Amino acid sequence: VGHGSSLPCSHFPTRDPYAMSDLRVHPAIEAVVNSAAEGSSVSPGDFWKSFQEIVADMGPRVAAALRQRDAMQALIDAWLLERSGKIDAQEYEQFLKSIGYLVPEGQPFKVDTANVDIEIGSLAGPQLVCPVDNARFALNAANARWGSLYDALYGFDVISEEGGATRARQYNKVRGKKVEEWAENLLSEIFPLQSGTYSQVTKFAVANNSLSCTLESGSATGLKDDAAFVGYNMKGDALSEVVLRNNGLHMIIQIDSSDAVGKEHRAGVKGVVLEGALSAIMDCEDSVAAVDAEDKAKIYGNWVGLMKGSLVTKFQKGSQTMERGMNADRTYIARDGSTASLHGRALLLVRNVGHHMYTDAVTYKNKDVPEGFLDAMVTVLAASHDLKAKKNSRTGSIYIVKPKMHGPAEVALTCELFGRVEQALKLPTNTVKIGIMDEE
């Protein structure tokens, strides 16, 4: 079952802008591809020429794979009905092998994938999935790399409202005190001091390229693990941020004694910022409702904006019109005095639709095309802009999540598809990294 279009193929423009009489492209899709192609290494004409070649060559193979799915499902249904639900596990396994549903396990092998970002290859942390048809949601997910621990604790029931610590519209100092205590306990657990705790610190300073903390007793102490202190920021002559790192993830202590919260704290701490969502999947599949070409173009348009770093949205908050864009990287002064930076946004992946989806947003010989082909070409074209800017992937990679695949043959088909896409868009081999969802 493919997505339906509000504009049937017979209503598409009759002009043939790419000298390919077998391909018809909805104007909304044509416009977003033109936008994505601007500043890239391919022209819209080359894009559609390559797309038609992929559809002609690989479309029949996708159709054959889907027929194979249906044939297997019919055999499985009949086998189960014959047994009226009384199933012997060993017999069932042998049957699935006999029809090719289960295939022999291959020999052990090793894969060495080059140019993988640390968010994929070595850092463990939260990953979000977000419908990319909603620009505000998409920006929230992209910007969720960093979040205020104070705000999260203040608004969440991890801290009790007992003893007057209610979550009120106006800042509640009683609850604020509990938030500070909770955060200080967390800091003491993850970044312990040589002596004392963060609840006893009255002043933070940088001395001899290390973090120095003055305690209520007047004595000075530092971190047990001096290497956990990676840098700081200044506001004028005053220390404004302390940057700490553990297991590759960062926490930032924010200091401002003139702030409404900071002036109530013994050391002027106004907040603690945590590194949160390391990555986010921008979803073109299950979490979106793309029922026509215009919907699909909206999805692609938002992804283009994310990859170009230009996506902005406006929304109403009370009586105010708010504007949201993409966060910049965070900069700080490293211990050696140089300027260093931290990724300001989550690493973005994009989930395409599965092989089973078809769309009439583009037709070939008056027939719907595999929607996954269109997703592959457009999302990779859009992401190719980041290969120069390297604001998303620092290693020059594009991350695709491919769902709803059945077995190694379909996975191999996907790998071949993205190899063709790389060739069409003039990208180095294996620029595209695929997250395989083999969902039997």
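Axes are lines fitted to C-alpha atoms, for helices over the stretch in contact, and angles between N-to-C directions run from 0 to 180 degrees. In this predicted model, helix α1 (residues 27–37) packs against helix α9 (residues 371–383) at an angle of about 35°, and their axes lie 9 Å apart. On the α1 side the contact is formed by I29, V33, A36 and A37, and on the α9 side by L374, V378 and L381. Classed by residue type, this contact of α1 with α9 comprises seven nonpolar residues, with no polar and no charged ones.

The model also contains an open sheet of seven strands, ordered β3-β10-β9-β8-β7-β14-β15 and paired in the antiparallel manner. Its edges are β3 (146–148) and β15 (339–342), each of which pairs on one side only. From one strand to the next, the twist averages 35°. Helix α7 (residues 173–190) packs on this sheet, where α7 touches β8, β9 (249–255) and β10 (269–275); the direction of α7 makes about 135° with that of β9.

| Strand | Partner strand | Bridges |
|---|---|---|
| β7 (residues 229–235) | β8 (residues 238–246) | six bridges |
| β17 (residues 358–364) | β18 (residues 367–370) | four bridges |

Conventions
Residues are numbered from 1 along each chain as its sequence is written. This is a predicted model: local features need pLDDT of at least 70, side-chain atom pairs count only at pLDDT 80 or more; totals for chains, interfaces and linings use all residues. Side-chain values use heavy atoms; hydrogens and water are left out. Two strands pair if DSSP finds at least two bridges between them. Helices (H or I, at least four residues) and strands (E, at least two) are DSSP runs, numbered from the N terminus. Contact means heavy atoms within 4.5 Å. Ala, Val, Leu, Ile, Met, Phe, Trp, Tyr, Cys and Pro count as nonpolar, Asp, Glu, Lys and Arg as charged, and the others, Gly among them, as polar.
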